[in-house]
Amino acid sequence: MEHIIVSNMMDYFDTHNILCPQQHGFRSKHSCETQLIGFTEEIADSLDQGQQTDVIVMDFSKAFDKAEHHKLVYKLQHMGVNPYITTWIKDFLHNRSQQVLVENKVSHSLPVLSGVPQGSIVGPSLFLAYINDLPGSVRSRVRLFADDTIVYLTIKSHTSAQSLQEDLHNLELWENEWSMKFNPDKCKVLRIHRKRKRVIFPYTLHDTILRTTEKRKISWGYYQ
């Protein structure tokens with residue numbers, strides 16, 4: 001049944017171009033390779049033009065566990081998903097509970113009100129729908145592979161760096177609205193350039209200055 005639901009939902013998303021083009025995770029004809037090729041081409045063009053690109057490698061905290069069920073259903077309805085499918089998904093997520101077993105002792109049962117069921121067939125597609133509007137909250141360029149997120153911009157001065165910083169603030173607003181959370185301790189700044197003089201800007205997230213790195217690995221690529 002999950003396969004049928006996912007097949008119909010993804011066909012609808014593809015037919016009507018619902019999913020943002022920046023997302024390459026869990027999608028037909030999209031992969032790590034397609035994401036990496038597109039990003040590498042952009043960076044190569046920027047370097048050929050003698051420009052600096054600042055890349056913020058974002059890290060969600062427990063991304064798949066944070067999606068609140070009632071907000072997910074709202075997003076599916078807003079995206080125009082078939083009401084029967086939306087109702088099925090609502091029931092699929094409803095009345096779930098969890099317990100912890102330690103040394104043969106079981107904790108009290110608690111309701112599960114957020115998170116897409118990991119290991120399920122439908123879970124990844126639900127997560128794509130949940131974060132689909134993230135790129136629309138910023139003016140900088142964004143690339144996604146499931147929950148792996150990078151936000152980047154050509155930096156010509158402190159003014160353009162400030163624009164990227166404003167988008168980090170916009171992502172904070174998006175987090176608060178949709179109950180997601182970036183971990184600033186794991187978010188990194190990668191400056192890509194061939195300049196002797198570069199623009200240095202102290203990017204912050206949640207009042208934490210992001211650390212700069214010369215290389216960074218995420219699930220769909222390795223950059224330095």
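A: Glycine 80 follows helix H4, and its phi is positive, near 85°. The model is predicted, so read every value here as computed from that prediction.

Now step back into the helix. H4 runs over residues 69–78. Its buried residues are His69, Lys71, Leu72, Val73, Lys75 and Leu76. Two lysines, Lys71 and Lys75, are on that list. What covers these residues? The cover includes helix H1 (2–15), H5, H6 and H7.

Take lysine 71 from this list. Lysine 71 has a relative accessible area of 16%. The cut-off for buried is under 20%, so lysine 71 counts as buried. Which residues does lysine 71 touch, once its neighbours within four places in sequence are left aside? They are Tyr130, Asn176, Glu177, Trp178 and Ser179.

Serine 179 comes up here for its backbone. Its phi is near 65°, a positive value in a residue that is not glycine. Serine 179 sits in the loop between H7 and strand E8 (188–192). With a relative accessible area of 21%, serine 179 is partly exposed. Alanine 146 also has a positive phi, about 60°, although it is not a glycine. Alanine 146 lies in the loop between strand E6 (141–145) and strand E7 (148–155). Its relative accessibility is 7%, so alanine 146 counts as buried.

Next come the rings. The structure holds 9 aromatic pairs. One of them joins tryptophan 88 and phenylalanine 92, and this pair is stacked. Their centres are 5.1 Å apart, with 10° between the planes. Both residues belong to helix H5 (residues 83–93). They are 4 residues apart, about one turn of the helix. In an α-helix there are 3.6 residues a turn, so residues three or four places apart point the same way. Are these two residues buried or partly exposed? Tryptophan 88 is partly exposed, at 24% relative accessible area. Phenylalanine 92 counts as buried, at 19% relative accessibility.

Tyrosine 130 and tryptophan 178 form another aromatic pair, and this one is edge-to-face. The centres are 6.4 Å apart, with 80° between the planes. Tyrosine 130 lies in helix H6 (residues 123–130) and tryptophan 178 lies in helix H7, so the pair ties together parts that are 48 residues apart in sequence. Tyrosine 130 is buried, at 0% relative accessibility. Tryptophan 178 is buried as well, with a relative accessible area of 10%.

The largest nonpolar core holds 51 residues, and Met58 and Tyr203 touch the most other members. Helix H7 (residues 158–178) gives the most to this core, with 6 residues. Which residues does tyrosine 203 touch beyond its neighbours within four places in sequence? Its contacts are Asp54, Ile56, Ile155, Ala161, Leu164, Gln165, Leu168, Val189, Arg191, Thr208, Ile209 and Leu210. There is also a second, separate core of 9 residues. Ile43, Leu47, Val57 and Leu190 are among its members.

For contrast, go to leucine 101. Leucine 101 lies in strand E3 (residues 101–102). Leucine 101 is exposed, with a relative accessible area of 60%. How far does leucine 101 lie from histidine 3 in space? The C-alpha to C-alpha distance is 31 Å, and the two are 98 residues apart in sequence.

Last, the whole chain. Its secondary structure comes to 7 helices and 13 strands. Of its 224 residues, 46% count as buried. The C-alpha trace spans about 60 × 45 × 30 Å along its principal axes. Take the contacts between residues at least 6 apart in sequence: 71% of them join residues at least 24 apart. The accessible surface is about 12,700 Å², and 51% of it belongs to carbon and sulfur atoms. The chain has 26 positive and 25 negative side chains. The centres of those two sets lie 6 Å apart.

Definitions and conventions
Residues numbered from 1 in each chain as written. Predicted model: local features only at pLDDT ≥ 70, side-chain atom pairs only at ≥ 80, totals over all residues. Heavy atoms only, no water. Buried < 20%, exposed > 50% of the residue type's maximum accessible area, 1.4 Å probe, protein only. Contact = heavy atoms within 4.5 Å. Areas by Shrake-Rupley, 256 points an atom, 1.4 Å probe, with all protein chains shown as cover. Lys, Arg positive; Asp, Glu negative; His and termini not counted. Charge placed at Lys NZ, Arg CZ, Asp CG, Glu CD. Core = buried A, V, L, I, M, F, W, Y, C linked by side-chain atoms within 4.5 Å. Phe/Tyr/Trp six-rings, centres within 6.5 Å; stacked < 30°, edge-to-face > 60°.
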